[in-house]
Amino acid sequence: MSAGSARSLAKGSAPPGPVPEGLIRVYSMRFCPFAQRTLLVLKAKGIRHEIININLKNKPEWFFKKNPFGLVPVLENSQGQLIYESPITCEYLDEAYPGKKLLPDDPYEKACQKMVFELFSKVPSLVTGFLRRQNKEDGSGLKEELRKEFSKLEEVLTNKKTTFFGGNSLSMIDYLIWPWFERLEALELNDCVDHTPKLKLWMAAMREDPAVSALLNEANTLRGFLNLYLQNSPEPTLGRPQRPGPGRTHLCRRPPAPPSRPGSDADPRAEAPPPATSGLPRRPATDTARPRDSGVQQPVTRPPIGSAAYCSAAELPKALRIGWSSGRRGQLAGPPRPHSRPELSRSKIEFGAGGACWSAAVPGACGRGDHCTLRKSPETMEDASRTFGKGSLPPGPVPEGLIRIYSMRFCPYAHRTRLVLRAKGIRHEVININLRNKPEWYYTKHPFGQIPVLENSKCQLIYESVIACEYLDDAYPGRKLYPYDPYERARQKMLLELFYKVPHLTKECLVALRCGRECTDLKLALRQEFCNLEEILGYQNTVFFGGDCISMIDYLFWPWFERLEVYGIADSLNHTPALRLWTAAMKQDPTVCALLIDKSVFSGFLNLYFQNNPDAFDYGLIC
């Protein structure tokens, strides 16, 4: 195991050789909090590894073949497989290696840890913002925001009545959030936890953990690095502490979160929710807007394909294409189960294992106490019930054997979760929420009033679309949508990171077109994102992103592609033949077909939505 204090490799350095059998390599930087996450997991699980430190101000040319974004951390194993993005690397290590399990086996407990992780997601950017502040006034405001975020974490510990965020013993979530708390002293931010006694006890307990203490950066060492960094010094101690390393380093940072999505989660034009009071509140931002890992990466635009910062067609997808050589198509999610006839719904809307659906009258869904009937249309009847709005009565408990989804008929994030419910044949009911006129009781389901939310008969709540989809795949039997193989699973999650700009860009194109604004640059940026996805399909030589049949990643992408035509930006796919073949194949899938929304109905919704009409969410239904 090589020491983490090894000097960094910079431009002009020779690439390291193959990873020795029985080891895993991590490309890191000594002061990077994102890389520290991965190092903590390696140490906690006792995994034999070697460390290659990278000079993030003067990156070696060969490093872009390890990660096309030039960010750390990156894992590389002896098979040449590459995994990046710190949460993905940590989960891969936990799944692929024996020893202490850091994530719970229970699907709900695992989802809870991921929801706490989303709750934490504003902290890294606030800490970086404080470091880069221009004056004391900026610092005061950022510290106040940081205190609010720490108050939310304090509330989680108070509700759990445990020392650690995962329970009575240290687990994955504690390691994922620790690096930023370790840096509070060096940044003189310790006073931000003065009002959080549970969080202070947690910090003290974390310092006693062997993995944490072994990787602890002393406050003085961190201050020395930060002082040199802020002076733009060419020697900010990248190597051993006693010897200044060559070149300069780039402080780990994240791109700014894209603006919120329209019609769901944190819509800036929707009604502002009341402050969170309980549960696991999450930041009001999009599912995909979480901290990226560290490196010199522009926050808004990705380098064009073929540039030095973005590998060629043969190099770009390397981390995403290992195992897709001509002799092997990779691990696939398995064939779909045959459809079976569902049971007729008795209350609200209930569905069986795929196939045709029936819909029952929904008493009181519109808040008037009467029954709502449905207009027959090509739109699926699965979720064609009127929305619950302000003043409506809350639904009763979830019946045994069902799971409930709080949704909105036109929301792409809720669409993801409904695709997984149907693909796996999970019996469920749909409660649609009026996002312009939210019921008061809904904030007890999600503190920010966002969708989708899952609720089961045990009153357990799961939110964030990607977390909800993974929970359903883990918790319910039947067809597995994620691959079993840890690397192939990580690979799909890396593909999701590659996709993360698409929701924001499609929304911005829609808003610009509806408001009569120029959107040429937005459409060019969207085409570039589709080019990236086209390269993946081209290299894999498969119809779907997961292989030869539909898997989780395809369902997670699909809702935005379905909306391209009704948004008026379908021409963004004109230059991507493989992606067009993928969209055509997706439309043949029974699950996708069952949830397709009639274009005229969708257009009617958009017309009313952009008029700020609260009736938009019930467009196409007759009460």
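1. The model is a predicted one. Proline 559, which lies in helix H16, has a relative accessibility of 0% and therefore counts as buried. Leaving aside residues up to four places away in sequence, proline 559 touches Pro412, His415, Arg416 and Leu419.

2. The chain holds 20 helices and ten strands. Among contacts between residues at least 6 apart in sequence, 73% join residues at least 24 apart. The accessible surface comes to about 23,600 Å², and carbon and sulfur atoms account for 53% of that surface.

3. Just after H14, glycine 516 takes a positive phi of about 70°.

4. How many of the 13 residues of H14 are buried? Ten are, so that the helix is mostly covered; among them are Val502, Pro503, Leu505 and Thr506 at one end of the list and Leu510, Val511 and Ala512 at the other. The cover over these buried residues includes helix H11 (412–423), helix H15 (520–540), helix H16 (552–562), helix H17 (564–567) and helix H20 (599–609).

5. One of these neighbours, H15, can be described in detail, for H14 and H15 pack at an angle of about 150° with their axes 9 Å apart. Angles over 145 degrees count as roughly antiparallel, and H14 and H15 are therefore roughly antiparallel to each other. The crossing of H14 past H15 is left-handed. On the H14 side the contact is made by Val502, Leu505, Thr506, Glu508, Cys509 and Ala512, and on the H15 side by Leu522, Lys523, Ala525, Leu526, Glu529 and Phe530.

6. Helix H13 (residues 486–498) packs against H16 at an angle of about 15°, with the axes 9 Å apart, and this angle makes H13 roughly parallel to H16. Gln492, Leu495 and Leu496 of H13 meet Met552, Ile553, Leu556 and Phe557 of H16 in this contact. The crossing of H13 past H16 is right-handed.

7. Helix H4 (residues 123–131) is mostly covered, with seven of its nine residues buried, namely Val123, Pro124, Leu126, Val127, Thr128, Phe130 and Leu131.

8. The backbone has some features that a careful reader may wish to inspect, given that most residues other than glycine have a negative phi, and most peptide bonds are trans. Glutamate 85 has a positive phi of about 75° although it is not a glycine; this residue sits in the loop between strand S4 (82–84) and helix H2 (86–96), and its relative accessible area of 2% makes it buried. Glutamate 464 likewise has a positive phi, near 75°; its place is in the loop between strand S10 (461–463) and helix H12 (465–475), and with a relative accessible area of 5% glutamate 464 is buried.

9. Where are the cis peptide bonds to be found? One joins valine 72 and proline 73, with omega about 5°, and proline 73 is placed in the loop between strand S2 (49–53) and strand S3 (74–77). Another runs from isoleucine 451 to proline 452, with omega near 0°, and proline 452 lies in the loop between strand S8 (428–432) and strand S9 (453–456).

10. A last point concerns serine 385, found in the loop between strand S6 (371–372) and strand S7 (403–407). At 3% relative accessibility, serine 385 counts as buried. Serine 385 and aspartate 618 are 233 residues apart in sequence, while their C-alpha atoms are 8.0 Å apart in space.

How values were computed: Residues numbered from 1 in each chain as written. Predicted model: local features only at pLDDT ≥ 70, side-chain atom pairs only at ≥ 80, totals over all residues. Heavy atoms only, no water. Buried < 20%, exposed > 50% of the residue type's maximum accessible area, 1.4 Å probe, protein only. Helix = DSSP H or I, 4+ residues; strand = E, 2+ residues; numbered from the N terminus. Contact = heavy atoms within 4.5 Å. Areas by Shrake-Rupley, 256 points an atom, 1.4 Å probe, with all protein chains shown as cover. Axes fitted to C-alpha atoms, helices over the stretch in contact; angles between N-to-C directions. Parallel < 35°, antiparallel > 145°, perpendicular 65-115°, else oblique. Left-handed = near helix turned anticlockwise from the far one by under 90°.
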